[in-house]
Amino acid sequence: MVFKPIPNNLRDKTMTEADIVFDYTFNSPLHRLIMLFIQVSGSGDGGKEKVITDKKLLSFCCCSSSELITAMNYLTENGFICKRNLGLQMGEPASGYTIAVPEHLRGD
């Protein structure tokens, strides 16, 4: 997997979840849209995890469900989000999402 270079304004600092959501250059605008959606929606579990129903996640965008699933898989596999299946919440399948800073973007 080839990652885009870190923007100059973020090179010399440890990136935060907000830096990832708002400043990182993703491969697709859909990736940023998903990250923004997770950042601003859902209910928190008392921590950083957002509980979002699958139906709500599919309804926020005009893309196909396969495009959304592909983009979500990319973000998960590359460490931008952590996903936890929560089963049924109020009768709807729900997942818990946490925005993360991938290993290759952590300043050490």
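A pocket, as the word is used here, is an open set of grid points with protein on both sides within 12 Å along at least five of seven lines. In this predicted model, the largest pocket has a volume of about 190 Å³.

**The pocket**
- The lining of the largest pocket is made up of D54, L57, L58, L68, I69, M72, N73, T76, K83 and Y97.
- Two elements, α3 (54-59) and α4 (65-77), each give two or more residues to that lining.
- Helix α4 takes the largest share, with five residues.

- In soluble globular proteins, nonpolar side chains tend to be buried together.
- Here, the largest nonpolar core has 24 residues, and the ones touching the most other members are I20, I34, M35, L75, F80 and I81.
- This core draws at least two residues from each of α1 (17-23), α2 (29-40), α4 and β4 (92-99).
- Take I34: setting aside its neighbours within four places in sequence, I34 is in contact with F60, L68, A71, M72 and L75.
- Two of those contacts of I34, L68 and M72, also turn up in the lining of the largest pocket.

**Confidence**
- The chain has an average pLDDT of 82, and 82% of the residues score at least 70.
- Confidence is highest in α4, at a mean of 93, and lowest in strand β1 (residues 43-44), at 68.

Key. Residues are numbered from 1 along each chain as its sequence is written. This is a predicted model: local features need pLDDT of at least 70, side-chain atom pairs count only at pLDDT 80 or more; totals for chains, interfaces and linings use all residues. Side-chain values use heavy atoms; hydrogens and water are left out. On a 1 Å grid over the protein atoms alone, a cavity is a set of points where a 1.4 Å probe fits but cannot get out, and a pocket is an open set with protein on both sides within 12 Å along at least five of seven lines; lining residues have an atom within 4 Å of a point. Grid points are joined across faces, edges and corners, and a volume is the space filled by probe spheres set on the points. Helices (H or I, at least four residues) and strands (E, at least two) are DSSP runs, numbered from the N terminus. pLDDT is the predictor's confidence in each residue, from 0 to 100. A nonpolar core is a set of buried Ala, Val, Leu, Ile, Met, Phe, Trp, Tyr and Cys residues joined through side-chain atoms within 4.5 Å. Buried means under 20% relative accessible area, exposed over 50%, partly exposed in between (1.4 Å probe, protein chains only). Contact means heavy atoms within 4.5 Å.
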